[in-house]
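This briefing gathers selected structural features of one protein chain, grouped by topic. Please read it alongside the sequence and the coordinates.

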Amino acid sequence: MLAQARSYALFGLDAVPVTVEVDVSPGLPTYALVGLPDKAVEESRERVRAALKNAGFPYPQARVVVNLAPAELRKEGSQFDLPIALGLLAAQGVVPLEALLPFALAGELGLDGSLRPIPGAVNLALGALAEGKRLLLPEESAKEAALVEGVEVYGAGSLKEAVAFLRGEAPLGRAEPEEALEGLEVLDLRDVKGQAKAKRALEIAAAGLHHLLLVGSPGSGKTMLARRLPFLLPPLSQEAALEVTRIHSAAGRPVRGLLKTPPFRAPHHTVSYAGLIGGGAIPKPGEVSLAHRGVLFLDEFPEFSREALEALRQPLEDGVVTVARARASLTFPARFLLVAAMNPCPCGWHGDPERPCACTPQAQRRYAGRISGPLLDRFDLVVEVPRLTPEELARAPEGEGTEAVRERVLRARERMLARQARPNGELSGRALREHARLTPGAQALLQAAAKRMLLSARSYDRLLRVARTVADLEGAERVEEAHVAEALAYRKAL
């Protein structure tokens, strides 16, 4: 007897429909699984066999063939356990065949028949919504999938519960999404003593989404500053929150509620190329995608591998990253705000007024040379963060708190969205020229600076974008000389 069940294979961020066909026919007891399964899918045979036995259901003593269609698509993961098990039961008449038709199924089985959560539940829900299917998942995954409005999601704790539900013997309530976790404790800018210029650069970066490089000796406060940047950013819109939640769900990270707070990712400098950019036989999102709509912080910037750093150039420009493999080529969103921190030299004390630098000129050049010119050219703001002495720290004023700065950032962002429907950091070409609105004096200063500093066309545009953001923070309609001068102050280190 032949039975069919609907499921999905996670292909990047998309749920690709998969038909699970189960045929039980007379013959010697054998089990064949076809349809390009990976190791985890192949091992479902033993999980399904034990789960059916321990849950009190029959396992057919016959020839069993399971086909995962379409056959040319590589299948990976444990989410096919539940549809295979229910397909076997339907082929034996334990579950009515018509009961499976309205549903898409996914879930990992424990040997005792329990259902365990699976990655990518939000993406599976979007696939079910597109096909007009109801969704039957493990309880924990069902709460995550219920974040997608418009799809009926049911959660079962075990194979027994799922069978009873499909046979109409015991109802299952529709899954409800969990409430989002409260945001992390706000890190206040007041905790960082002094560093007025760096704080101002942080404000500009948050308002216009400008990439920021912090250069300073150990202990100067670079990391403290970077970790406070996400709290200056506006909350994510509903559309952006769903986009970010999809990425984290596909990466297998637990999701509780829509992620409405901009993410903050800080991978260690030993992260691999695939870990940073994304990869795998069927590519999965990397750190640049997990930081989408948020902040990617790279501490000890020159210590990252050259290959990984150079791969950042495409997403910094395009807002997406394409990962090509022999079996698949996938594109992931990667529009993030890059904040990098580095020491001025290998020992970290070059330019420090109290501690001498022990590095040779050759060592300093090699250290700086780890970051290519094209990559440096993609930073809108480069700020020196000097180390303060204990006396300077004691005398330093407290400064503004995060809330006050965030209010200015939100007002500036509102101006940008009302004028051009996007932050200044995303403007380019004709749109940038149209919305910059320079005064004649600002235009003359900008052209003179570009000629004197030998700026590339990309650097010129980045300088113009920063000046536009400075003007928006000041509430000015046009970019004036003072705004260009402040923007120039963040280019000198280049």
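Is Asp472 buried or exposed? In this predicted model, Asp472 is buried, its relative accessible area being 0%.

**Salt bridges**

- Glu152 and Arg134 meet through their side chains in a salt bridge of 3.6 Å, N to O; Glu152 lies in the loop between α6 (139–145) and β9 (153–156) and Arg134 in strand β8 (residues 134–138), so parts 18 residues apart in sequence are tied together.
- Glu152 counts as partly exposed at 26% relative accessibility, and Arg134 is partly exposed with a relative accessible area of 35%.
- Glu169 forms a salt bridge with Arg167, with 3.2 Å between the closest N and O atoms; Glu169 is exposed at 53%, whereas Arg167 counts as partly exposed at 39%.
- The count of salt bridges comes to 31, and a network of such bridges links Arg200, Glu203, Glu400, Arg408, Glu474 and Glu486.

**Aromatic rings and a charge over a ring**

- The count of aromatic pairs comes to 5, one of them being the edge-to-face pair of Phe103 and Phe165, with 5.6 Å centre to centre and 80° between the planes.
- This pair links distant parts of the chain, since Phe103 is in strand β5 (residues 103–105) and Phe165 in helix α7 (residues 159–166), 62 residues apart.
- Phe264 and Phe297 form a stacked pair, 6.2 Å centre to centre and with 25° between the planes; Phe264 lies in strand β11 (residues 264–265) and Phe297 in strand β14, so the pair ties together parts that are 33 residues apart in sequence.
- Phe264 counts as partly exposed at 25% relative accessibility, while Phe297 counts as buried at 1%.
- Ring pairs also link Phe103, Tyr154 and Phe165 into a cluster.
- The charged end of Arg355 sits over the ring of Trp349, at 4.1 Å from its centre.

- The parallel strands β11 and β14 are joined by 2 bridges, and Arg265 stands opposite Leu296 in β14.
- Ala291, in the loop between α12 (287–290) and β14 (295–298), is buried with a relative accessible area of 0%.
- Setting aside residues up to four places away in sequence, Ala291 touches Pro263, Arg265, Leu296, Arg335 and Phe336; Ala291 and Phe336 are 45 residues apart in sequence and 5.8 Å apart in space, C-alpha to C-alpha.

**Helix α8**

- Helix α8 (residues 196–208) has 13 residues that should span 18 Å, and its end C-alpha atoms are 19 Å apart, which agrees.
- Helix α8 is mostly covered, with 11 of its 13 residues buried, among them Arg200 and Glu203.
- Just after α8, Leu209 takes a positive phi of about 60°.

Notes: Residues are numbered from 1 along each chain as its sequence is written. This is a predicted model: local features need pLDDT of at least 70, side-chain atom pairs count only at pLDDT 80 or more; totals for chains, interfaces and linings use all residues. Side-chain values use heavy atoms; hydrogens and water are left out. Helices (H or I, at least four residues) and strands (E, at least two) are DSSP runs, numbered from the N terminus. Buried means under 20% relative accessible area, exposed over 50%, partly exposed in between (1.4 Å probe, protein chains only). Contact means heavy atoms within 4.5 Å. Rings of Phe, Tyr and Trp (its six-membered ring) pair if their centres lie within 6.5 Å; planes under 30 degrees apart count as stacked, over 60 as edge-to-face and the rest as tilted. A charge sits over a ring if NZ of Lys or CZ of Arg is within 6 Å of the ring centre and within 35 degrees of the ring normal. Two strands pair if DSSP finds at least two bridges between them. The expected span of a helix is 1.5 Å times one less than its number of residues. A salt bridge is a side-chain nitrogen of Lys or Arg within 4 Å of a carboxyl oxygen of Asp or Glu.
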